[in-house]
Amino acid sequence: ASYAFIMSGAKDNYTDISVEVLNRLGETVASNGYFSNGDSFTAELTVGETYTIRVNDNDGVTPYTIDMLAAKPTVEFSGKMVVNDSMEHTRQVNHYRWTATSDGDFNFYVANLESGAVNLYIYDANGEQLDYETYCYNSEGVKLYNILAGETYEIYVEHCNILDSYSLVVG
C-alpha cells in the first residue's frame, strides 16, 4: 500500500530535516532529505510488516509534525478518457498509468479546476520523462506525438497551488 509522509509546523519553511523509512532489516525503503514545510514523499509499504521511521533534525528545528496518510493508488486507464480526481494535501502527487488503444497524437491536459493550477509530468514505460508542464490551468497540458497502440505511460499530476478537484483529460 502507498503512504504519503507530509511535513508541517516547522518554524522555518526551509529546514535540514531528513526522513527515512526502514524495513525490519534496517534497509531504507523510502527517504527524503531536506524535508521542509509542505514537502511530502510516498513510500510503498507492505501491510502487516513493521517499519521504522527515522528522522534526522540536522538544524535543531523544533517543533515539527510529520503526518502519515494513505496515498491514493495509481489509477490505470486506456484510450481517450476523462479521469476525475482531487488534491487533498500540499505536495500531493496523483499517479496514473495510461495505455494507448490506437496510434496517433494525444493531448494530456487538466480541466474543471475551480481556481489555481497543477503540474503535469509524463514518463514512458522506462521511467524517462517525455514532457511536462508546470502551472497548468484549465485546458493546459502537453501533447505527445506518434504514440503507438499498446504503449504505456506514467502520468503524474502534482499539487501546485490548489486543494481542489480537477479532471485529467486524454484525447
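Trainee: Let's start with Phe5: does it count as buried or exposed, and at what relative accessibility?

Mentor: Phe5 counts as buried, at 2% relative accessibility; the label means under 20% relative accessible area, with exposed over 50% and partly exposed in between (1.4 Å probe, protein chains only). Bear in mind that this is a predicted model, where local features need pLDDT of at least 70, side-chain atom pairs count only at pLDDT 80 or more, and totals for chains, interfaces and linings use all residues. Residues are numbered from 1 along each chain as its sequence is written, and side-chain values use heavy atoms, leaving out hydrogens and water.

On to the rings: Phe, Tyr and Trp (its six-membered ring) pair if their centres lie within 6.5 Å, as stacked under 30 degrees between planes, edge-to-face over 60 and tilted otherwise. That gives seven aromatic pairs. Phe5 and Phe41 are stacked, because their centres sit 5.1 Å apart and their planes at 15 degrees. Phe5 is in strand E1 (residues 2-8) and Phe41 in strand E4 (residues 40-44), so the pair ties together parts 36 residues apart in sequence; strands are DSSP runs of at least two residues, numbered from the N terminus. Phe41 is buried too, at 9% relative accessibility.

Trp98 and Tyr153 make a tilted pair, with centres 5.9 Å apart and planes at 35 degrees.

Note on methods
Helix = DSSP H or I, 4+ residues; strand = E, 2+ residues; numbered from the N terminus.
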